[in-house]
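Hi everyone, thanks for making time this morning. Let me put the model up on the screen, and then we can walk through it together.

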Amino acid sequence: SYKLPGVDIFVCTADPTVEPPTLVINTVLSAMSLNHPTEKLSVYLSDDGGSQLTFYALLEASRFSKLWIPFCKKFNVEPRSPDAYFTHNFDLHEHTADAQQRLFIKEQYEDMIKRIEAAINKDSVPEELKNQHKGFSEWDSNVTKQNHQPIVQIIIDGRDTNAVDSDGCRLPTLVYMAREKRPDCLHHFKAGAMNALIRVSSEISNSAIILNLDCDMYANNADSIKEALCFFMDEERGHQIAFVQHPQKYNNITKNDLYGNSSPVLNKVELPGVGGYGSALYCGTGCFHRRTSLCGTKYSEEHKGLWNSETRKDDNRTVHELEEASKVLASCGFEKGTQWGKEMGLIYGCPVEDVVTGLAIQCRGWKSVYYNPDNTAFIGVAPPTLDIALVQFTRWSDGMFQIFLSKYCPFIYGHNKIKLGAQMGYCVYLLWAPSSLPLLYYAIALPFSLFQGIPLFPDIQSRWFIPFAYVFVSKNIYSLAEALIFGSTFKAWWNLQRMWVHRRTTSFFFAFIDCIVRQLGLSQTTFTLTAKVVTDDVSKMYQQEIMDFGSTSTIFTVISTLAMLNLFSLIGVVVKVFMGGLECKDMEKLVSQVVLCGLMVTVNGRVYEALFVRKDKGSMPGSVMFKSIVLASLVCLIPL
């Protein structure tokens, strides 16, 4: 182990109501129990919510880790998240000694969760518990989420030979950080939290490798650190690697992937393709970084074989002295007049700070790797409602289009720095937002022209019809074949087609408008957290693959209006044919539009069901139905 570099693991959370502490500590415990020498492993939790409930949960997790880590090592447990393990891998009918030990650990875990949930329900930590750790003194009546001093607490000091688990083995370092927040200071969302973690960890452990995880993305493969280090420590090309990115995979994907979250073609074809140019995208979680590259260092051949020199800081400062020194690095004023957020750390000013940071690192000469092992390294939680899924894509597409319009546009910033194929690979995603415009045209102009009897495509008997038919048929056959080859079902592929229609006509379009407005200086960058928990009713609908439309969101008004517009047009044509108002010659000119409009109606079958058939909580609200019918009717009645 003396040759292995140290690893600092960053876990970020921002709101204990949206990201429950019980979820967060499962990720932390899974990270603490990864197979790596514990004296070279440190786990840092950034709590942008500044919540003493999260701190209390982490304190409980540190105690439970004394049982959980040796248990994982003894039984080679996977996944390393206690909740995931006991939910999917526990057999109550075994009566062996090993089974009894598993039952004991399970009971200890459940007791810990009950104590944490009791504190959450009371919205406070009992006084007798507060007296057990000095860290609670940081919270007083003046501390709020957006206004508090920097808080750094070293809960487990990995240097302490007395900090051991139940088997007498050393525990990894565990640190809680809530960077300073003040109402008059920009905090730069997740990018600011990550940069504070980089600085604080450099003061405490200063490991050469950094792994960052979202708070809902637990470690599934116990050897994920070892596998990533194989890239960094490769004798020929390891010194060129800045980061190793794992795919985002989820533990709650339904059989037919209702909301198109699993993206097997994206994970197995597209992202590895970009990675083939040495320019894998940094996706914000499940990523191993070389600390020096993340801190703004340009690539140099001199980085070869520097692992032994980039070791843990060996100083004699006390825990208190380290905490006080770290607080300075986590303060609001520390970054003023520095290159943090510009040339150092994660880049500020963009909702997708991860993608633009990865691009900047590659333009400094570094290479990156996309690694998708059979044994998935990290597993998260996919959005279980349509509203959450579309809001997430709005944020992503907004941020990526913002990159394209900025100085970081790959064709400009990456010119002569990364390969042309990599530049084009980036832009496939950076141009998600404007890709909404052609589909919106089809979704509006096509049914409108059909309703008015105006042909948009060549007559089916014309040879000019062949190119249109060829592109349409070949594209969809290729897409379906690709999906089936990489493990999707036909129904999952169809669900994904529906989701792409919904994404492009809502998420991408709203992102396009927001980005243009921001470029004109009429608004500022915002950040929306993705909810990690939902009610039991919503979860049950999701598992049964019933789409949830139970919101008055503008997104659903747009979806239902476009669905109604296509339905009215199709019905209008059918009525004209049966009433004799459309001659055979005219109908031949409209066949292409009828087919495409019919496909749009078929894709929106779930929408019509939610509008007119369903009566459950996931049905479309009456106000949305009324607005969509009125708007679609007005479009159809526009005179020419």
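Where is the place of Ile-477? Ile-477 sits in helix α16. Two notes before I go on. This is a predicted model, so local features need pLDDT of at least 70 and side-chain atom pairs count only at pLDDT 80 or more, while totals for chains, interfaces and linings use all residues. Residues are numbered from 1 along each chain as its sequence is written, and side-chain values use heavy atoms, with hydrogens and water left out. When I say helix or strand, I mean DSSP runs numbered from the N terminus: helices are H or I with at least four residues, strands are E with at least two.

Back to Ile-477. At 55% relative accessibility, Ile-477 counts as exposed. The scale here is buried for under 20% relative accessible area, exposed for over 50%, and partly exposed in between, using a 1.4 Å probe and protein chains only. Ile-477 also belongs to a nonpolar surface patch, together with Phe-472, Val-473, Val-595 and Leu-599. Together these residues have about 400 Å² of accessible area, computed by the Shrake-Rupley method with a 1.4 Å probe, with only the protein chains shown counting as cover for residues. Patches are made of residues with over 30% relative accessible area and no salt bridge, joining nonpolar side chains (Val, Leu, Ile, Met, Phe, Trp, Tyr) within 5 Å and like charges within 9 Å. The most come from α16, with 3 residues.

Now to the sheet. In what order do the 8 strands of the open sheet come? The order is β3-β4-β2-β1-β5-β9-β7-β10, with mixed pairing; two strands pair if DSSP finds at least two bridges between them. At the edges stand β3 (151-156) and β10 (367-370), each with a single partner strand, so one side of each has no neighbour in the sheet. From one strand to the next, the twist averages 20°. Angles run from 0 to 180 degrees between N-to-C directions, with axes as lines fitted to C-alpha atoms, for helices over the stretch in contact.

Let's look at one pair. Strands β1 (residues 7-13) and β2 (residues 41-47) run parallel and are joined by 7 bridges. Ile-9 has Val-43 as its bridge partner in β2, and Val-11 has Leu-45 there. Helix α2 (residues 52-75) packs on the sheet, touching β1, β2, β3 and β4 (173-178), and its direction makes about 15° with that of β3. Contact here means heavy atoms within 4.5 Å. Helix α6 (residues 189-204) packs on the sheet as well, touching β1, β2, β3, β4 and β5 (209-214), at about 145° to the direction of β1.

Is β1 enclosed or open? Well, 7 of the 7 residues of β1 are buried, so the strand is largely enclosed by the rest of the structure. Val-7, Ile-9, Val-11 and Thr-13 point one way, and Asp-8, Phe-10 and Cys-12 the other.

That brings me to Asp-8. Which side chain does Asp-8 meet in a salt bridge? The partner is Arg-291, at 2.6 Å, N to O. A salt bridge here is a side-chain nitrogen of Lys or Arg within 4 Å of a carboxyl oxygen of Asp or Glu, and by this rule the count comes to 17. Asp-8 lies in β1 and Arg-291 in helix α9 (residues 291-294), so the pair ties together parts 283 residues apart in sequence. Asp-8 is buried at 0% relative accessible area, and Arg-291 is buried at 7%.

Other salt bridges include Glu-127 with Lys-130, at 3.7 Å, N to O. Those two both lie in helix α5, 3 residues apart, about one turn of the helix. There is also a network of salt bridges linking Glu-138, Glu-324 and Lys-327.

Last, some backbone details. A cis peptide bond joins Glu-78 and Pro-79, with omega about -5°. Pro-79 is in the loop between α2 and α3 (82-88). Asp-123, in the loop between α4 (97-122) and α5 (127-130), has a positive phi near 60°. Phe-189, in helix α6, has a positive phi near 55°.

Thanks, everyone, and I'm happy to go back to any of these on the screen.
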